[in-house]
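Subject: Structure for you to look through

Dear colleague,

I am handing over the structure below, and I would be glad if you kept it open while you read the notes that follow it.

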Amino acid sequence: MANYYNIDDILTEEEFVPVVFHKSANGVIIDPSSETNSVEQGAKVELPLWLAQELYLRQAVSISVPACFNQKTRLEIQADAACVDLKSRSPFFYEFGCKIVPLVGDKTVEVLLLSAFKIRYKEILTKAYTAAYTATSQFLTLLTKEETNLYEAAQSSMAAFKKWRMGGPRLQRASVLGRKRKPIE
Amino acid sequence: MHGRKAYELVKEFASGEKGHLKIFNNELFERVIEECNEHHNALQSLIRKMQEEGLEVLTARTADHYGALIHHLSLIRNKRCLMAYVYNRADIIRDLAWKVGLLHELPREIQEKFSDSEEQYFKDHSKSLKSYMSQLSLNVNVDMVPPKDPYIKVRVLEDLGSGIILSDKSANFARHSMHFLKRTDAEQYIARGLMEELTS
């Protein structure tokens with residue numbers, strides 16, 4: 001529970017995974033195809049990760065690989081990882097992948113994540129250090145949340161370096177206040 | 001779906017710019033707590049049902065057991081979301097006290113975003129910071145950037161009038177006027193966007 005208060009971690013665990021129930025459960029409405037408010041044994045349901053994970057540990061369900069790591073995504077990543085829209089697959093592609101691996105026992109997901117990250121990492125840093133903002137807005141829509149954080153970190157380090165070299169005002173308006181609005185005259 | 005409302009709450013917090021406070025979403029917050037109560041009731045009734053059937057609640061693995069388990073997990077999840085929402089907001093609020101100003105120095109539009117208990121929290125935090133600083137007789141929330149010179153040149157961005165008395169002088173801080181001030185005095189006005197530092 002190291003990340004108990006971590007917002008991103010909570011959002012990652014809301015991603016849906018396909019599960020098959022080995023036990024039936026009464027008094028819950030989580031199977032949309034069921035007419036009564038219970039889940040039958042053998043029912044196929046999509047559950048958020050936080051629920052699926054705990055049920056898996058108690059041997060109540062089995063989890064299969066989520067759609068965002070399917071064959072189509074793998075082929076696209078093999079073709080050119082830097083151009084794949086991972087954000088629409090899952091905004092927390094890597095974290096989600098890392099959490100899902102021990103649950104599905106599919107070693108190929110690890111390989112997929114690593115190879116995708118290696119190629120994209122290089123691309124992100126190059127873009128963050130060199131390209132102007134307008135040229136990258138298209139590129140930014142493809143990035144997952146983790147990659148966006150990386151991109152922003154790279155950009156701010158570049159900005160800090162430039163500031164250090166050029167000099168300039170060292171005290172600034174607190175960033176928590178947001179951008180300056182026009183004063184009301 | 002279970003935990004959906006709590007997810008929306010966390011999502012709303014995450015959707016803003018990093019480190020910016022939004023208005024406390026009381027409505028959704030209350031709704032999640034209500035959902036927790038619903039889960040609690042469902043959990044209790046399932047356990048009662050098991051007891052009436054004469055089953056051992058701790059060991060029986062019936063459909064009712066798994067139903068109760070799902071409600072239990074949903075409760076824990078909702079709790080986590082609520083805790084994270086409050087905790088992360090408290091983080092920002094403490095930050096405000098350090099970076100922008102204590103007590104009434106905080107701009108109105110930010111204070112309006114606090115919930116009642118957050119307002120109290122901010123006040124208490126400011127007070128303890130203040131009393132600590134007076135014990136040390138040292139301002140610990142200035143000079144966050146190591147100074148090169150104790151004095152800096154500033155330009156006033158908004159009309160502050162002549163009511164402000166700084167540690168070594170008082171002046172008429174009209175809009176666009178320029179002053180040579182002690183860095184520690186100017187720092188908090190710059191942080192609030194009322195002055196800007198000029199570099200030669």
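In chain A, 10 residues of domain 1 are in contact with 9 residues of domain 2, where contact is taken to be C-beta atoms, placed from the backbone, that lie within 7 Å. Please bear in mind that this is a predicted model, in which local features need pLDDT of at least 70 and side-chain atom pairs count only at pLDDT 80 or more, while totals for chains, interfaces and linings use all residues. Residues are numbered from 1 along each chain as its sequence is written, and chains are lettered from A and ligands numbered from 1 in the order in which they are written.

On the side of domain 1 of chain A that touches domain 2 of chain A, the elements giving two or more residues are H1 and H2 of chain A; helices (H or I, at least four residues) and strands (E, at least two) are DSSP runs, numbered from the N terminus. That side has 5 nonpolar, 3 polar and 2 charged residues, with Ala, Val, Leu, Ile, Met, Phe, Trp, Tyr, Cys and Pro counted as nonpolar, Asp, Glu, Lys and Arg as charged, and the others, Gly among them, as polar.

**A strand in chain A**

Strand E1 (residues 16–21) of chain A has a covered face, made up of A:Val17, A:Val19 and A:Phe21, and an uncovered one with A:Phe16, A:Pro18 and A:Val20. E1(A) pairs in the antiparallel sense with strand E4 (residues 44–48) of chain A over 5 bridges, and two strands are said to pair if DSSP finds at least two bridges between them. Within E4(A), A:Leu47 is the bridge partner of A:Val17. E1(A) also pairs with strand E5 (residues 61–63) of chain A, again antiparallel, over 3 bridges, and there A:Ser62 is the bridge partner of A:Val20.

**Where the chains meet**

Between the chains, 34 residues of chain A are in contact with 42 residues of chain B. Helix H1 (7–12), strand E2 (25–26) and helix H2 (49–57) of chain A each supply at least two residues of the side that touches chain B, and by class that side has 18 nonpolar, 9 polar and 7 charged residues.

**Chain B**

The domain assignment of chain B gives domain 1 (4–136) and domain 2 (151–198), and their C-alpha centres lie 40 Å apart. B:Ala68, which is in helix H3 (residues 63–99) of chain B, counts as buried because it has 25 C-beta neighbours inside 10 Å, the cut-offs being 20 or more for buried, 12 or fewer for exposed, and partly exposed in between. Not counting residues up to four places away in sequence, B:Ala68 touches B:Leu43, B:Leu46 and B:Ile47.

Chain B also has an open sheet of 3 strands in the order E2-E1-E3, with antiparallel pairing. Strand E2 (178–182) and strand E3 (195–198) of chain B stand at the edges with a single partner strand each, so one side of each is left without a neighbour in the sheet. Strand E1 (residues 151–156) of chain B pairs with E3(B) over 4 bridges, and B:Val154 stands opposite B:Glu197 in E3(B).

Note on methods. Two residues are in contact if their C-beta atoms, placed from the backbone, lie within 7 Å. Domain bounds come from an automatic or database domain assignment.
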